[in-house]
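Hi everyone, thanks for coming along. Today I'd like to walk you through one protein chain, step by step, so please have a look at it with me.

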Amino acid sequence: MRYAFGVAAAMLLTACMPSAPTAPRTTPIPYTLDSNGVQLVNRAQRIDFGRTDHSTIPAMTKLVGQPPAAPRDCAQGRQAVDWPDGTTLVFAAGALRGWANAQGQAGVSC
């Protein structure tokens, strides 16, 4: 009887526990880079120049499916953040101000 009560209590407690966090996305979400920032393919969402680094870096990490390298300092107080897919975002005063990759660049550079 005690064993059955213990098993039932453990099952109830397990059901009340929060689920484990989901693993980070590893599949990239298609996007393009344009003169105003980042455009998700086949979606209305954008990451436009002027958006804060605190929201841009996590959003871009979701798109790429991998975290960026540590930010590196550039001239004139700018910072560049490089992702494994070859995209670099440039931030100034805590906001997205430019991008660069093998195909080109827009906004300010590092």
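Let's start with the sheet in this predicted model. Five strands make an open sheet, in the order E4-E5-E6-E7-E8, and their pairing is antiparallel. As a reminder, strands of a sheet pair through backbone hydrogen bonds, and they can do so in a parallel or an antiparallel way.

Which strands stand at the edges? They are strand E4, residues 72–73, and strand E8, residues 104–107. Each has a single partner strand, so one side of each is left without a neighbour in the sheet.

Now look at E8 and its partner. Strand E7, residues 95–101, is joined to E8 by 4 bridges, and the two run antiparallel.

Thr 56 lies in H2. Is Thr 56 buried or exposed? Thr 56 is buried: its relative accessible area is 0%, and the cut-off for buried is under 20%. The side chain of Thr 56 reaches the backbone oxygen of Thr 52 at 2.7 Å. Leaving out residues up to four places away in sequence, Thr 56 touches Ile 47, Arg 51, Leu 89, Phe 91 and Leu 96.

Next comes the core. In soluble globular proteins, nonpolar side chains tend to be buried together. Here the largest nonpolar core has 17 residues. Those with the most contacts inside it are Tyr 31, Val 38, Ile 47, Met 60, Leu 63, Trp 83 and Leu 89. Strand E1 (31–34), strand E2 (37–40), H2, E6 and E7 each supply at least two residues of this core. Which element gives the most? That is H2, with 4 residues.

Setting aside neighbours within four places in sequence, Leu 89 is in contact with Thr 56, Met 60, Gln 79, Ala 80, Val 81, Trp 83, Leu 96, Gly 98 and Trp 99.

Now for the loops. Most residues other than glycine have a negative phi. Asn 42 is not a glycine, yet it has a positive phi of about 60°. You'll find Asn 42 in the loop between E2 and strand E3, residues 46–48, and it is exposed, with a relative accessible area of 79%. Gln 76, also not a glycine, has a positive phi of about 60° too. Gln 76 sits in the loop between E4 and E5, and its relative accessible area of 66% makes it exposed.

Let's zoom out to the whole chain. There are 2 helices and 8 strands, and from the N terminus on they run α-β-β-β-α-β-β-β-β-β. Of the 110 residues, 28% are buried.

Finally, how far can we trust what we see? The mean pLDDT of the chain is 85, and 76% of its residues reach 70 or more. Where pLDDT is low, the predicted coordinates should not be read in detail.

Methods: Residues are numbered from 1 along each chain as its sequence is written. This is a predicted model: local features need pLDDT of at least 70, side-chain atom pairs count only at pLDDT 80 or more; totals for chains, interfaces and linings use all residues. Side-chain values use heavy atoms; hydrogens and water are left out. Two strands pair if DSSP finds at least two bridges between them. Buried means under 20% relative accessible area, exposed over 50%, partly exposed in between (1.4 Å probe, protein chains only). A polar contact is a pair of N or O atoms within 3.5 Å; within protein, one must be able to donate a hydrogen and the other to accept it, and residues adjacent in sequence count only if both atoms are side-chain atoms. Contact means heavy atoms within 4.5 Å. A nonpolar core is a set of buried Ala, Val, Leu, Ile, Met, Phe, Trp, Tyr and Cys residues joined through side-chain atoms within 4.5 Å. pLDDT is the predictor's confidence in each residue, from 0 to 100.
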